[in-house]
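Here is a briefing on one protein chain. Look over the sequence and the model, then take the points below topic by topic.

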Amino acid sequence: MKKENKHLPVSENKHLEFDHDLLKGEIWLTTEEAMAHLKVSRSTMYRLRKKNLIPNFKLGHIPMYPKHLLNKLLMHLALKDLKY
């Protein structure tokens with residue numbers, strides 16, 4: 001029996017639509033800047049990145065995070081948690 005993965009990678013998340021114009025003028029955050037923006041620890045950033053729960057791209061060996069996509073992901077998660 002195949003083990004079911006609860007966490008879908010960002011690339012497989014159907015709620016995040018990719019627009020080719022989305023990354024024009026994007027603000028890219030380093031790990032430290034993303035930690036401050038999300039108010040999480042370095043270990044949490046590593047865990048989220050390892051599980052592919054947050055969008056990131058490597059520039060050489062340095063992970064960079066698109067601020068707009070982080071905000072969109074957080075908004076989606078916040079709306080999902082709202083109770084009517």
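Helix H2 (residues 42–50) has three named buried positions: Thr44, Met45 and Arg49. They span an arc of only 130° around the axis, so they sit on the same side of H2. H1 and E3 are among the elements that cover these buried residues. This is a predicted model.

**Overall layout**

- The protein chain holds 3 helices and 3 strands.
- Along the sequence, the pattern reads β-α-α-β-β-α.
- The protein chain has 84 residues, and 27% of them are buried.
- Take the contacts between residues at least 6 apart in sequence: 57% of them join residues at least 24 apart.

**Nonpolar core**

- The largest nonpolar core comprises 9 residues: Leu29, Ala34, Met35, Leu38, Met45, Ile54, Tyr65, Leu70 and Leu73.
- Helix H1 (31–38) and helix H3 (67–81) each contribute at least two residues to this core.
- Which helix gives the most to this core? H1 does, with 3 residues.
- Met45 is a member of this core and one of the buried residues of H2.
- Leaving aside residues up to four places away in sequence, Met45 touches Thr31, Ala34, Met35, Leu38, Val40, Ile54 and Tyr65.
- Among these contacts of Met45, Ala34, Met35, Leu38, Ile54 and Tyr65 also belong to the core.

**Sheet**

- The 3 strands make an open sheet, ordered E1-E3-E2, with antiparallel pairing.
- E1 pairs with strand E3 (residues 62–66) through 2 bridges, in the antiparallel sense.
- Trp28 has Pro66 in E3 as its bridge partner.
- H3 packs on the sheet and touches E1 and E3. The direction of H3 makes about 60° with that of E3.

**Salt bridge**

- How many salt bridges does a search of the whole structure find? The search returns 1.
- Glu32 and Arg42 form a salt bridge, and their closest N and O atoms are 2.7 Å apart.
- This pair links distant parts of the chain. Glu32 lies in helix H1 and Arg42 in helix H2, 10 residues apart.
- Is Glu32 buried or partly exposed? Glu32 has a relative accessible area of 45%, so it counts as partly exposed.
- Arg42 is also partly exposed, because its relative accessibility is 45%.

**Positive phi positions**

- Lys39 is a residue other than glycine with a positive phi, near 60°.
- Where is Lys39 placed? Lys39 sits in the loop between H1 and H2.
- Lys39 counts as exposed because its relative accessibility is 73%, and exposed begins over 50%.
- Asn52 follows H2 and has a positive phi, near 60°. Asn52, too, is a residue other than glycine.
- Asn52 belongs to the loop between H2 and E2.
- The relative accessible area of Asn52 is 40%, so Asn52 is partly exposed.

How values were computed. Residues numbered from 1 in each chain as written. Predicted model: local features only at pLDDT ≥ 70, side-chain atom pairs only at ≥ 80, totals over all residues. Heavy atoms only, no water. Core = buried A, V, L, I, M, F, W, Y, C linked by side-chain atoms within 4.5 Å. Buried < 20%, exposed > 50% of the residue type's maximum accessible area, 1.4 Å probe, protein only. Helix = DSSP H or I, 4+ residues; strand = E, 2+ residues; numbered from the N terminus. Contact = heavy atoms within 4.5 Å. Pairing = 2+ DSSP bridges. Axes fitted to C-alpha atoms, helices over the stretch in contact; angles between N-to-C directions. Arc of directions from axis to C-beta. Salt bridge = Lys/Arg side-chain N within 4 Å of Asp/Glu carboxyl O.
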